[in-house]
Amino acid sequence: MYTIDKVSSDEALRLINYCVEHVKKNNKSIAVSVCGPECELIAFVRMDGTSVAASKIAQNKAYTSASDRSETSKMGERMRGKDNPAFWGDERITGFGGGVPIIQNNKVIGAIGVSGLPEADDEQLAKDAVKSVFGY
C-alpha cells in the first residue's frame, strides 16, 4: 500500500482563515485555494468583492505550486525566459506569483494559492499563512 502525507482539511481551513483575517484588516478581498500534493482541491474561498478571475487564478496557483513543487513565481521566471508554458501541456499551469508549496519532512504535502492583491503581496501572504499554520 502506498500512502501520502497531505494537508488536512482542518489545516486548509486554518490557512484560508489566516489569509482572510489578514486582508480584512486592510479592507481588501482575495481568493484563496489549498490543494493536496496530487493537485486536487481541498478548500477554497472567494471573499465578497473578489473577481471571478482571481478565484480561477488562486486555484491555478495552488495547482501549479503542488504540481511543480515550487513557488509559482519561479515558474513565471522560467516562462519569461526560454521555457514555453506549452511545454507542460497543461492549461492550468500559471506563472503568476502567489502559489506556494507546503513542505513537511522534505515532502510537498500540498500548496496554497492566493490571488487578488499584487503578486508579491499574494506570495507573501501565502508564505505567512504557511508559517502561521506549519511553523516555517
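## Strands and a helix

In the hairpin of E3 and E4, two residues lie between the strands, and Asn-105 there takes a positive phi near 50°. Helices (H or I, at least four residues) and strands (E, at least two) are DSSP runs, numbered from the N terminus. This is a predicted model: local features need pLDDT of at least 70, side-chain atom pairs count only at pLDDT 80 or more, and totals for chains, interfaces and linings use all residues. Residues are numbered from 1 along each chain as its sequence is written, and side-chain values use heavy atoms, with hydrogens and water left out.

Next, the strand pairs. Two strands pair if DSSP finds at least two bridges between them.

| Pair | Sense | Bridges |
|---|---|---|
| E1 (residues 31-35) and E4 | antiparallel | five bridges |
| E3 (residues 99-104) and E4 | antiparallel | six bridges |
| E1 and E2 (residues 41-46) | antiparallel | five bridges |

Gly-113 in E4 is the bridge partner of Ser-33. Gly-113 is also the bridge partner of Gly-99. Val-32 stands opposite Val-45 in E2. The hairpin of E1 and E2 has five residues between its strands, and Cys-39 takes a positive phi near 75°.

Is strand E4 enclosed or open?

Now helix H2 (residues 52-68). Its buried residues include Ala-54, Asn-60 and Tyr-63. The buried residues of H2 pack against E1, E2, helix H3 (72-80), E3, E4 and helix H4 (119-134). Just after H2, Arg-69 takes a positive phi of about 65°.

Conventions
Buried means under 20% relative accessible area, exposed over 50%, partly exposed in between (1.4 Å probe, protein chains only). Contact means heavy atoms within 4.5 Å.
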